[in-house]
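Here is a short walk through a structure that may be new to you. Please keep the view open beside these points and look up each residue as it comes.

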Amino acid sequence: MRARPRTLKGVTSALLTDQYELTMLSAALADGTADRHCVFEVFARRLPTGRRYGVVAGTGRLVELVRDFRFDGGQLAFLRDNGVVDEPTARWLAGYEFCGDLAGYPEGELFFPGSPILTVTGTFAEAVILETLVLSVLNHDCAVAAAAARMVTAARGRPVIEMGSRRTHEQAAIAAARAAYLAGFAATSNLAAGRRYGIPTTGTAAHAFTLLHDDESAAFTSQVAALGKQTTLLVDTYDISEGIRRAIAVAGSDLRAVRIDSGDLSVLAQQSRDLLDELGATETKIIVSGDLDEYAIAALAAEPVDAYGAGTAVVTGSGAPTAGLVYKLVEVEGRPVVKRSENKATVGGRKTAVRRHKPTGTAVEEVVVPTRVPEPRLHDRALQVPFVRGGQAQPRPVLDESREHLRQALISIPWEGLKLSQGEPAIPVVAS
């Protein structure tokens, strides 16, 4: 493995590696196959039930994690002391630094069954121990982004706010907020995500704040005094109609918004709009939340709702908490290799892909081809881009650019591909 100076700012815990990866590494180092040049690919055999497309998310995070992937002294001592690795393997791990190549679909790109969304090239040793890291990042972020994209489509232009931090692991919450924003969410309540990724943040009081005070009016008065009339008052702690009346009495007709977090949201949204208008608060917005997923959001399309808050469903992939991605060896020393297991067969050889479009811009198919891409046709678009070359990270889009990439990609697929009902993938993938 090539060595190069370490000038990196952070360190990724290399114990994100699974033990079986280190078992393969130890054996390959011992039998002399560890340095064989290999290609691994990440792809999905199928989409989650009911889904017509997947969304690539997490590669921006992944490049940074791979760049900083290291085994420190304490980790190596743990591996030795517990008999996970032998001394030659421990010495190899002590100098580990990924010096290979990463290429794949950019963040915000759509994928389908068989899409080669990430290609990892390097020696067997340096690539095999990245499997768990790669799959844990991409399976999580792609799942969240796909669910969030469906919610954004269902919202029909109304903003959706990510507010699921309390429903997932504390670090997953930050990654989920990033993936949801990439997919088109307007903001997050997660301040760590706001600080780390520049995502707009927003939030309001919970029911506990109302219950803290002697009455609802006192709670509203306190919140408006502290935050001004551009705040959002939660009006369903007791009686929603009375809550709205008290909110307007305290804040005036120029209150920014009220939030409803329970009940039959379809009925309550219309009743609340009528009452707000009657009270002269015609510009006060209505935000709804409470276990919303893409289907619940779609059901509210005809109601006077101005924004949605989504929590549990988005951070858990709305019923599909993993994107179902796998990491498979497809080439060794330039020779294609295949897995023939029943229902888990792979296609050998390194591949890339192009997406073909009508002159109108509508995508018609995705063509998976060998690395040497054929002469492009008019309206073809190559899908893979370089992320890392020789261990060096390449320039990549910022988050807002990836967000726009996804918006344009969703416009390009046939309209049937945006349906929430079950159906075939929006674009067929064919081999060339």
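1. **A glycine to begin with.** Gly73 belongs to helix H3, which covers residues 73-81. Helices here are DSSP runs of H or I with at least four residues, strands are runs of E with at least two, and both are numbered from the N terminus. Gly73 counts as exposed because its relative accessibility is 52%; the cut-offs are under 20% relative accessible area for buried, over 50% for exposed and partly exposed in between, using a 1.4 Å probe and protein chains only. Along the chain Gly73 and Ala90 are 17 residues apart, and their C-alpha atoms are separated by 9.8 Å.

2. **What you are looking at.** This is a predicted model, in which local features need pLDDT of at least 70 and side-chain atom pairs count only at pLDDT 80 or more, while totals for chains, interfaces and linings use all residues. Residues are numbered from 1 along each chain as its sequence is written, and side-chain values use heavy atoms, with hydrogens and water left out.

3. **The whole protein.** You will find 15 helices and 21 strands in the protein. Its C-alpha atoms fill a box of roughly 80 × 55 × 40 Å along the principal axes. Of the 432 residues, 51% are buried. Take the contacts (heavy atoms within 4.5 Å) between residues at least 6 apart in sequence: 75% of them join residues at least 24 apart.

4. Ser402 sits in helix H15, residues 399-412. Is Ser402 buried or exposed? With a relative accessibility of 3%, Ser402 counts as buried. Setting aside neighbours within four places in sequence, Ser402 touches Glu107, Gly108, Leu182 and Pro397. Gly60 is 342 residues away from Ser402 in sequence, yet their C-alpha atoms are 9.7 Å apart in space.

5. **Helices H2 and H6.** The axes of H2 (residues 59-67) and H6 (residues 131-155) come within 9 Å and cross at roughly 160°. That angle makes H2 roughly antiparallel to H6. For reference, axes are lines fitted to C-alpha atoms, for helices over the stretch in contact, and angles run from 0 to 180 degrees between N-to-C directions; under 35 degrees is roughly parallel, over 145 roughly antiparallel, 65 to 115 roughly perpendicular and the rest oblique. On the H2 side the contact uses Thr59, Arg61, Leu62, Leu65 and Val66, and on the H6 side Leu133, Val134, Val137, Leu138 and Asp141. By class, the contact of H2 with H6 has 7 nonpolar, 1 polar and 2 charged residues. Here Ala, Val, Leu, Ile, Met, Phe, Trp, Tyr, Cys and Pro count as nonpolar, Asp, Glu, Lys and Arg as charged, and the others, Gly among them, as polar.

6. **Helices H10 and H11.** H10 (residues 216-227) and H11 (residues 240-251) have axes that come within 9 Å and cross at roughly 40°, so the two helices H10 and H11 are oblique to each other. Glu216, Ser217, Phe220, Thr221 and Val224 in H10 meet Glu242, Gly243, Arg246, Ala247, Val250 and Ala251 in H11. The residues in this contact of H10 with H11 divide into 5 nonpolar, 3 polar and 3 charged.

7. **Cysteines.** How many disulfides does the structure hold? There are 0, where a disulfide is a pair of cysteine sulfur atoms within 2.5 Å. The closest cysteine sulfur to that of Cys38 is in Cys99, and at 15 Å it is too far for a bond. Cys38 is buried, with a relative accessible area of 2%, and Cys99, at 2% relative accessibility, counts as buried too.
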